[in-house]
Amino acid sequence: MRRLLALTLCLFTGHALAANPVFDVHVHLRDGETSLQQYRDDVRAAGLQLSGIGVMWFGGPHQARQGDLDKIRAGNDRVIALATKHPDVLPIATVHPYDGDAALAELARVAAAGVKVLKIHAHTQGFDVSDPRVETLARRAGDLGVTVLMDNANILPGDSEKLFNLVVRVPKTKFILAHIGGLNFRFWNILALARTADGFGFENLYFDISATVLVVADSPVEEEFLWTLRNVGLDHVLLGSDYPQIGLDVTAKALDRLDLSDEEKAKIRSGNAMTLFGR
């Protein structure tokens, strides 16, 4: 009887997930079409449907290093071409902030080609979030209608605080902070207090819960995590897998286990991303 009940629950969960499409905002495809096909095969095997895929060519051993302009342009062109061929792919480009005017020129070039998201990663690319060149790049992205995606796994003390200050200084640019601070997610409850001050609405700030959701689901801190999601605003929470390090299937299942309403889960699973990216 227990086995039958477990099987029934698994089937029900699988049908529920399949009936609710997912917009995965955090996907690393290192080998273009080959990686995309493998990703789709994995998603299909999990019984999931996609409403969109935020795709980047960099990550892991493939990074946008300072001064490596030809490699950066070529990588950005590959992901733009992938999106041209696959309408559900949202291309995510990158630059290195320390490349200065060359980085700004590449940002303008990819924006003109239809790119709506720029990803930069302080630790893997080796830059300081508080460097003025980062603010200049983020400000220009906002002028071009490009959202800035940045890592927020809180690898080192002070990471979240630096990101907070950047968002405050560049209010006209939309930001997505990946991993919502990792297990330092509690920091972002400061937004509930910050919003009590005039001019601090933080409507430009979004979070993806990739990786972190796996750790907190069914954990002793799940209630605190949900409290944080509500304080940052459930309309500003997105779902990402961080593929290939983590699959979308386990990520979607972790979200489904959180004590949220079906409507709230639907927003995080796809609705918020569709609204943010105008899809």
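User: In this predicted model, which residues of α2 are buried, and how are they arranged around the helix axis?
Analyst: The buried residues of α2 in the predicted model are S35, L36, Y39, R40 and V43. Viewed down the axis of α2, these buried residues fall within an arc of 135 degrees, so they line one face of the helix. On the other side of α2 the exposed residues are T34, R44 and A45. The arrangement asked for is therefore one face of the helix, within an arc of 135 degrees.

User: What do the buried residues of α2 pack against?
Analyst: Two helices are among the partners, namely α3 (69-85) and α11 (248-257). The strands that the buried residues of α2 pack against are β1 (22-28), β2 (50-56) and β3 (89-93).

User: How far apart are the end C-alpha atoms of α2, and which residue just after α2 takes a positive phi?
Analyst: Helix α2 has 14 residues (residues 32-45), which at 1.5 Å a residue should span 20 Å, and its end C-alpha atoms are 20 Å apart, in agreement with that expectation. Just after α2, a positive phi of about 75 degrees is taken by G47.

User: Where do the buried residues of α3 lie around its axis, and which elements do they pack against?
Analyst: The buried residues of α3 are I72, G75, N76, V79, I80, L82 and A83. Because they cover an arc of only 155 degrees around the axis, they are on the same side of α3. The face turned away from this buried side carries the exposed residues D70, T84 and K85. The elements that the buried residues of α3 pack against are α2, β2, β3 and α4.

User: Which elements are included in what covers the buried residues of α6?
Analyst: In α6 the buried residues are V134, E135, L137, A138 and A141, and they fall within an arc of 165 degrees seen down the axis, so they line one face of the helix. On the other side of α6, P132 and D143 are exposed. What covers the buried residues includes α4 (101-112), β4 (117-120), β5 (147-151), α7 (159-169) and β6 (175-178).

User: Is H26 buried or exposed?
Analyst: H26 is found in strand β1. Leaving aside neighbours within four places in sequence, H26 is in contact with residues including G54, K119, H179, D208 and D242. Because its relative accessibility is 1%, under the 20% cut-off, H26 counts as buried.

User: Which residues have the most contacts inside the largest nonpolar core?
Analyst: In soluble globular proteins, nonpolar side chains tend to be buried together. The largest nonpolar core here has 85 residues. I209, one of those with the most contacts inside this core, is in contact with I180, F225, L229, V237, L238, L239, L255 and I268, leaving aside its neighbours within four places in sequence. The residues with the most contacts inside the core are M150, W188 and I209.

User: What is the radius of gyration of the protein chain, and what would a compact globule have?
Analyst: The protein chain holds twelve helices and eight strands, and 52% of its 279 residues count as buried. Of the contacts with a separation of 6 or more, 80% are accounted for by residues 24 or more positions apart. With 279 residues, a compact globule would have a radius of gyration near 19 Å, and the protein chain agrees with this, having 18 Å.

Key
Residues are numbered from 1 along each chain as its sequence is written. This is a predicted model: local features need pLDDT of at least 70, side-chain atom pairs count only at pLDDT 80 or more; totals for chains, interfaces and linings use all residues. Side-chain values use heavy atoms; hydrogens and water are left out. Helices (H or I, at least four residues) and strands (E, at least two) are DSSP runs, numbered from the N terminus. The expected span of a helix is 1.5 Å times one less than its number of residues. Buried means under 20% relative accessible area, exposed over 50%, partly exposed in between (1.4 Å probe, protein chains only). The arc is that of the directions from the helix axis to the C-beta atoms. Contact means heavy atoms within 4.5 Å. A nonpolar core is a set of buried Ala, Val, Leu, Ile, Met, Phe, Trp, Tyr and Cys residues joined through side-chain atoms within 4.5 Å. The radius of gyration is taken over C-alpha atoms; the globule rule is 2.2 Å times the number of residues to the power 0.38.
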